[in-house]
Amino acid sequence: MSSTAILGAGVMGETLLSGLVRAGRRVDHLLVGEKRRERAVELEERYGVAVVGNAEAAARADTVAVVVKPQDMGDLLDEIAPSLRAGQLLVSLAAGITTAFIESRVPEGVAVVRVMPNTPALVDEGMAAVSPGSACSEAQLAEAEELMASVGRVVRIPERQQDAVTAISGSGPAYIFFVVESMIEAGVHLGLPRATASELVIQTLVGSGKMLRETGTHPTVLREQVTSPGGTTASALRELEIHRVRAAFLAAMEAARDRSRQLAEGS
Ligand SMILES: NC(=O)C1=CN([C@@H]2O[C@H](COP(=O)(O)OP(=O)(O)OC[C@H]3O[C@@H](n4cnc5c(N)ncnc54)[C@H](O)[C@@H]3O)[C@@H](O)[C@H]2O)C=CC1
Ligand SMILES: O=C(O)[C@@H]1CCC=N1
């Protein structure tokens with residue numbers, strides 16, 4: 001079986017690591033590179049995984065997943081480049097960073113795949129979008145897809161769509177949690193105990209998500225089914241329109257897309 005190295009084991013690196021372990025990947029086929037010593041010790045204790053230097057991990061693994069902040073990517077690639085060889089697969093999970101940027105810093109023949117994952121991967125409900133670089137074979141792209149499929153769904157997209165995907169599904173969980181927080185606070189304002197408000201909102205979210213997935217019905221139709229003429233929902237939705245919530249979502253996601261583009265330029 002092939003070995004995988006995860007370089008950078010913060011929120012997303014650990015999410016991938018834990019998913020691979022849950023999916024039955026043998027721990028002795030996994031390697032981690034992590035700069036913070038206390039974090040490295042934590043991961044060794046939690047998963048029994050070997051945490052080694054980045055260069056060693058990159059040299060020993062068939063697939064190298066780089067999961068550091070976009071701003072740290074240049075230094076990390078410069079550090080591991082001498083250890084990489086043609087034929088290896090390098091999977092980047094960093095927002096904004098292009099395959100062309102990575103290819104310019106690693107040896108020729110290293111196959112690069114750009115991935116935008118999201119944190120629900122922690123519960124095997126992730127959404128990942130993958131795009132191949134210029135030296136990536138179909139088999140190597142399939143391998144990257146398989147890596148991400150161990151923690152959720154995967155779609156293939158042209159790389160030019162990656163900044164938009166980052167704005168929608170990469171950052172998406174944060175918008176949903178923001179809505180959940182807002183609804184719980186509203187429930188508390190309306191006099192509900194916090195625990196009751198939390199349970200009501202979370203189950204409403206999970207139930208609505210399940211309905212979208214399982215019925216395949218368009219969200220507009222599902223919303224209309226809840227909106228009785230002259231009823232409570234119509235009153236609430238009118239307020240959301242008055243407060244320009246739909247426009248705010250559009251502006252927010254355009255800002256996220258633009259920020260992803262800026263990260264590619266190193267700012
Ligand atoms: N958190 C999220 O929801 C998502 C994050 N991403 C991407 O994943 C990447 C990582 O993000 P997070 O996990 O949230 O950040 P994080 O800050 O939690 O984790 C980054 C980890 O990399 C380590 N690190 C930094 N430089 C290193 C080096 N040279 N060698 C080894 N380890 C090093 C840090 O100590 C830290 O543990 C980013 O590029 C981000 O754009 C993508 C989609 C979603
Ligand atoms: O906020 C960020 O930059 C990262 C990328 C997508 C989600 N988190």
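A residue counts as near a molecule if its C-beta atom, placed from the backbone, lies within 6 Å of it. Keep that in mind for the two ligand shells below, and remember that this is a predicted model.

**The chain overall**

The protein chain carries twelve helices and eight strands. Its C-alpha atoms fill a box of roughly 65 × 40 × 35 Å along the principal axes. Of the 267 residues in the chain, 32% are buried. If you look at contacts between residues at least 6 apart in sequence, 65% of them join residues at least 24 apart.

**Around ligand 1**

Ligand 1 has 28 residues around it, and the ones that come nearest are G8, G10, M12, A94 and A95. Which helices each supply at least two residues of this shell? They are helix 1 (11-22) and helix 4 (73-80). Helix 1 gives the most, with three residues.

The unreviewed UniProt entry lists L7, G8, A9, G10, V11 and M12 under "binding site".

Is V11 buried or exposed? V11 counts as exposed because it has 10 C-beta neighbours inside 10 Å, and the cut-off for exposed is 12 or fewer. M12, on the other hand, is buried because 24 other C-beta atoms lie within 10 Å, where 20 or more are needed.

So what does M12 touch, leaving aside its neighbours within four places in sequence? The contacts of M12 are then with V67, L93 and P117. M12 is also among the residues that come nearest to ligand 1.

**Around ligand 2**

The shell around ligand 2 is made up of A95, T166, G170 and S171. A95 turns up here and also among the residues that come nearest to ligand 1.

**The two shells by class**

Here is how the residues around each ligand divide up by class.

| Shell | Nonpolar | Polar | Charged |
|---|---|---|---|
| Ligand 2 | one residue | three residues | no residues |

Technical notes: Residues numbered from 1 in each chain as written. Chains lettered and ligands numbered in written order. Predicted model: local features only at pLDDT ≥ 70, side-chain atom pairs only at ≥ 80, totals over all residues. Helix = DSSP H or I, 4+ residues; strand = E, 2+ residues; numbered from the N terminus. UniProt positions renumbered as here; feature names shortened; annotations may be inferred. Contact = placed C-beta atoms within 7 Å. Nonpolar A, V, L, I, M, F, W, Y, C, P; charged D, E, K, R; others polar.
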